[in-house]
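User: I would like to work through a protein structure by question and answer. Please show the sequence and the model.

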Amino acid sequence: MNCCGIDLSPNYRLHKVEVTEYMLSSLSQEESEKRAKEERQIILKRNSNFNRGVDLHKNMKNIDVELIEDIPEGWSPFDEISDIGLLDLARSIDNVGLIHPIYVTLDHNGVYNVIIGRCRLLAYIKLFQETNNPKYKFIPSYIIDMNEVDELFIRTMIIESNICFRNISKINMVKSLILNYEAMKMVKQYRNESNVGMELAKIYNISTSSLFNFLKVRSLCNEALTLLFEEKIPLKAAIYLARVDKETQVNILKRYGVSAIKVIFKLKLLTNEKSLSLEKLDKKIKSVENLTPHKTKITVELHQELVNPFLEYLNGFIKEKASRFAGLVSKGEFKYVFKLRYDEEAMEFYANKNIIDKNLLNKLKSKTVAEFFKK
């Protein structure tokens with residue numbers, strides 16, 4: 001493959017995770033023991049790679065850019081570099097040189113695949129095309145032998161080396177999460193679901209609760225998953241849709257419509273039961289048609305001199321309006337009718353400088369009507 005056309009083609013044939021099932025009855029005891037020993041060695045190698053690390057810098061050389069193939073499809077969740085970004089990177093390399101070499105894998109067929117530094121490789125290709133300067137024909141590369149690592153290790157490298165400074169859309173992140181979650185469960189036999197989730201949460205710098213929330217989309221029907229990955233429905237809608245069984249998902253998409261499910265407060269009501277008959281679904285759809293949001297949020301930003309007057313206003317609002325309403329509809333609990341959130345650090349500064357009345361703020365934090373009037 002000629003790599004000097006900027007649009008690198010992915011190499012589909014490399015480094016796929018393969019799971020082979022053997023009929024135990026067809027293997028002799030000696031063959032079974034040999035197979036078990038090989039599988040155990042693979043697991044131990046992975047365990048060593050992740051816990052002790054791999055020397056990634058022991059083999060470096062300048063490689064002809066035409067011999068380096070693209071990262072395998074689906075291995076990187078990161079958005080493509082823009083034309084302007086590539087131009088800026090090429091200009092920087094032309095001015096000061098390549099500061100960090102790229103990383104490539106080398107398989108048993110002698111094929112190189114770029115795994116870290118794809119943008120730098122593209123910049124080298126662009127510079128070589130435009131200048132024909134031989135120094136851009138060969139790029140400094142650390143070479144990783146695929147006999148020493150496996151796909152999971154390489155994919156983790158790709159994510160961890162890029163996650164802090166590359167753009168990644170939420171949809172691409174979810175795609176990558178699903179792919180990496182399934183791969184880790186498949187090949188890291190010594191880890192349970194919880195540990196896999198914790199590992200991925202650290203890699204993607206998100207909470208484990210957010211991670212498992214994103215992973216709920218694995219239970220979407222094909223139609224909904226396609227709509228999500230084509231960004232025709234928002235992630236939040238997809239997560240709610242995943243609450244019901246696949247047959248109900250299909251029926252909601254057909255009878256309620258793709259555009260309608262983007263209205264989350266209505267979709268929440270349609271998906272509060274795991275399974276719905278067509279008759280019951282139609283009744284629910286009719287019941288939500290004219291609904292308005294039960295609650296909403298209002299964000300107010302204030303100059304420090306106006307904070308205390310605003311708190312005084314809220315005190316009157318709670319006393320005259322919110323407390324009365326809470327008594328009627330929520331047994332005196334404010335959380336169902338009114339919530340106050342604020343920048344705690346800023347409020348602490350204001351209270352210490354006597355800019356606000358701290359006692360007033362504490363009163364506004366009351367959880368019930370009785371507590372509010374008691375303070």
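User: Which residues does Gln 249 touch, not counting residues up to four places away in sequence?

Analyst: This is a predicted model. Gln 249 belongs to helix H10, which covers residues 246-255. With residues up to four places away in sequence set aside, the residues that Gln 249 touches are Ser 219, Leu 220, Cys 221, Ala 224, Leu 241, Ala 242 and Val 244.

User: Is Gln 249 buried or exposed?

Analyst: A residue counts as buried when its relative accessible area is under 20%. The value for Gln 249 is 0%, so this residue is buried.

User: What percentage of the residues of the protein chain count as buried?

Analyst: The protein chain has 375 residues. Its secondary structure consists of 16 helices and five strands. The share of its residues that count as buried is 40%.

User: Which residues gather in a patch of positive charge on the surface?

Analyst: Lys and Arg count as positive. The patch of positive charge on the surface is formed by Lys 216, Lys 236, Arg 243, Lys 268, Lys 295, Lys 297, Lys 339 and Arg 341.

User: Why does Lys 339 count as exposed?

Analyst: Lys 339 is one of the residues in the positive patch, and it is found in the loop between helix H13 (304-329) and helix H14 (344-352). The cut-off for an exposed residue is a relative accessible area over 50%. Lys 339 is exposed because its relative accessible area is 51%.

User: How much of the accessible surface of the protein chain belongs to carbon and sulfur atoms?

Analyst: The accessible surface of the protein chain comes to about 23000 Å². The part that belongs to carbon and sulfur atoms is 50%.

Key: Residues numbered from 1 in each chain as written. Predicted model: local features only at pLDDT ≥ 70, side-chain atom pairs only at ≥ 80, totals over all residues. Heavy atoms only, no water. Patch = residues over 30% accessible without salt bridge, like charges linked within 9 Å, V, L, I, M, F, W, Y side chains within 5 Å. Areas by Shrake-Rupley, 256 points an atom, 1.4 Å probe, with all protein chains shown as cover. Salt bridge = Lys/Arg side-chain N within 4 Å of Asp/Glu carboxyl O. Charge placed at Lys NZ, Arg CZ, Asp CG, Glu CD. Helix = DSSP H or I, 4+ residues; strand = E, 2+ residues; numbered from the N terminus. Buried < 20%, exposed > 50% of the residue type's maximum accessible area, 1.4 Å probe, protein only. Contact = heavy atoms within 4.5 Å.
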